[in-house]
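This report covers selected local features of one chain. Keep the sequence and the model open while reading.

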Amino acid sequence: MPVPEPVVVAFVGVFGAMLGSFLNVCVYRLPRNESVVAPRSRCPSCGTPIAWYDNLPVLSWLVLRARCRHCRARISVQYPLVELAVGLVWAGAVWWLGPSFEALRAALLATLALGIALTDAQHYTIPDEFSLGGLGAGLALSLAPDGRPLEAAIGAAAGFALLWVVKATGDWALARGLIRGEELDQVLEAGEKPTTLGLGDLKMMAMVGAFVGWRGVLLTAFLGSLAGVAVFVPLLLLKRRAPVPFGVFLAIGAVATLVAGDRLLGWYGSLVAAGGP
Ligand SMILES: [Zn+2]
C-alpha cells in the first residue's frame, strides 16, 4: 500500500477530531440516558448553547483558554484530549494502513474502546450504543471486500462466551462464599445481589470479537487482565479499594491487540513450535 498523500491524512485527522467531539457528547450523555443528537451542546454550568465557532475540536478549547465564553466556568481538559486522541487515531490508521476498510475497522474499534474506557471509568457502565452498536458495525464491516464475515461472527460469539464463562464461574464462587471481602459484605448488607462481571463487559467483548476474531478475543482478555493486575495490585497495596471498571482494561487489551496482536500471536506461535516435538 503506497503512503497516502499528507493531505488525505490531514483530512482524515480533522474528521477524526470532529468524531472525537461527538464521542465527548456520547460519553457525557449516554450514561445519563440523554439523546446524543438533540439538544445542541450547552455549557454544563450556565446552560448557554455553544456556538459552532466555540465548538471546534481542540482549537476552541485553546482559544477560550479552557473557559466558557459566557460564565467563565472551567472546561475539562478531557474534551480537547479526546478530540486530539481520536484525530490522531484516524490519521494514524490511514497513514499506516492506507485509505482502506482495514484502516476504517482499526480506527473505529479504537474509538469505541476509548468511549467504553471513559464511560466505564467514570460511570461504571458500558452503553449499549458502544457495545451492541459497535458489534453491528463490526459485523457489517466484515462484509467489505477484504473482510472475513465468518471469522467476525465466530469472534463475536467467542468474546461473549469467554466472558460468560468467567462471569458464571465468578458468580458461582461468590454464591458459594468462596470469595470474601469488605466490599462484598457491603453489597450483601445493602440487599443487592453480588456479581463479578456486568452484562456490559460480555456485550463489549462480543463487539471486540467482531473486529479482531477469536484469537484476538483471547489475546484481548489476556492483555486486559495483565493491565488490570498491573494497575490493581499496587492500588490494593495502597489499600485504596474501589469497584473495578473491567471494561477499561478490556479496552486497553483490545487496542494492544489491534496494534501488536499479529506480532504477539506470531511470536507465541513460534515459541510453541520451538518447544514442540
Ligand atoms: Zn457557561
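## A residue in helix α9

Is Phe249 buried or exposed? Phe249 counts as buried, because its relative accessibility is 6%. Buried means under 20% relative accessible area, exposed means over 50%, and partly exposed lies in between, with a 1.4 Å probe and protein chains only.

This is a predicted model, in which local features need pLDDT of at least 70 and side-chain atom pairs count only at pLDDT 80 or more, while totals for chains, interfaces and linings use all residues. Residues are numbered from 1 along each chain as its sequence is written, and side-chain values use heavy atoms, leaving out hydrogens and water.

Phe249 belongs to helix α9 (residues 246–275). Helices are DSSP runs (H or I, at least four residues), numbered from the N terminus. Leaving aside residues up to four places away in sequence, Phe249 touches Gly224, Ala227, Gly228, Val231, Phe232 and Val244. Contact here means heavy atoms within 4.5 Å. Leu223 is 26 residues from Phe249 along the chain, and their C-alpha atoms are separated by 8.1 Å.

## The zinc site

Four cysteine SG atoms coordinate the zinc ion at 2.3 Å: those of Cys43, Cys46, Cys68 and Cys71. Donors are N, O and S atoms within 2.8 Å of the metal (3.2 Å for Na, K and Ca); water is not among the atoms, so sites may look incomplete. The donor residues follow the spacing C-x2-C-x21-C-x2-C.

The site is tetrahedral, with angles of 106 to 113° among its 4 donor atoms. The ideal angle for four tetrahedral donors is 109.5 degrees. Cys43 is buried at 7% relative accessible area. Cys46 is partly exposed at 34%.

## Aromatic rings

The count comes to 2 aromatic pairs. Rings of Phe, Tyr and Trp (its six-membered ring) pair if their centres lie within 6.5 Å; planes under 30 degrees apart are stacked, over 60 edge-to-face, and the rest tilted. Phe15 and Trp90 form an edge-to-face pair, because their planes stand at 75°, with ring centres 5.5 Å apart. This pair links distant parts of the chain, 75 residues apart: Phe15 is in helix α1 (residues 6–29) and Trp90 in helix α3 (residues 78–97). Phe15 is partly exposed at 40%, whereas Trp90 is buried at 8%.

Trp52 and Tyr53 are also edge-to-face, with centres 5.7 Å apart and planes at 80°. Trp52 is exposed at 65%. Tyr53 is partly exposed at 43%.

## Helix α6

Helix α6 (residues 149–175) has 27 residues and should span 39 Å at 1.5 Å a residue; its end C-alpha atoms are 39 Å apart, which agrees. The expected span is 1.5 Å times one less than the number of residues. Buried residues in α6 include Ala152, Gly155, Leu163, Lys167 and Asp171. Gly177 follows α6 and has a positive phi, near 75°.

## Backbone exceptions

Most residues other than glycine have a negative phi, and most peptide bonds are trans. The bond from Ala38 to Pro39 is cis, with omega near -5°. Pro39 sits in the loop between α1 and α2 (59–63).

Ala66 is not a glycine, yet has a positive phi of about 65°. Ala66 is in the loop between α2 and α3 and is buried at 5%. Arg72 likewise has a positive phi of about 65°. Arg72 is found in the loop between α2 and α3, and is partly exposed at 46%.

Terms used. Helix = DSSP H or I, 4+ residues; strand = E, 2+ residues; numbered from the N terminus. Tetrahedral: all angles 85-135°; square planar, octahedral: opposite > 155°, others 65-115°.
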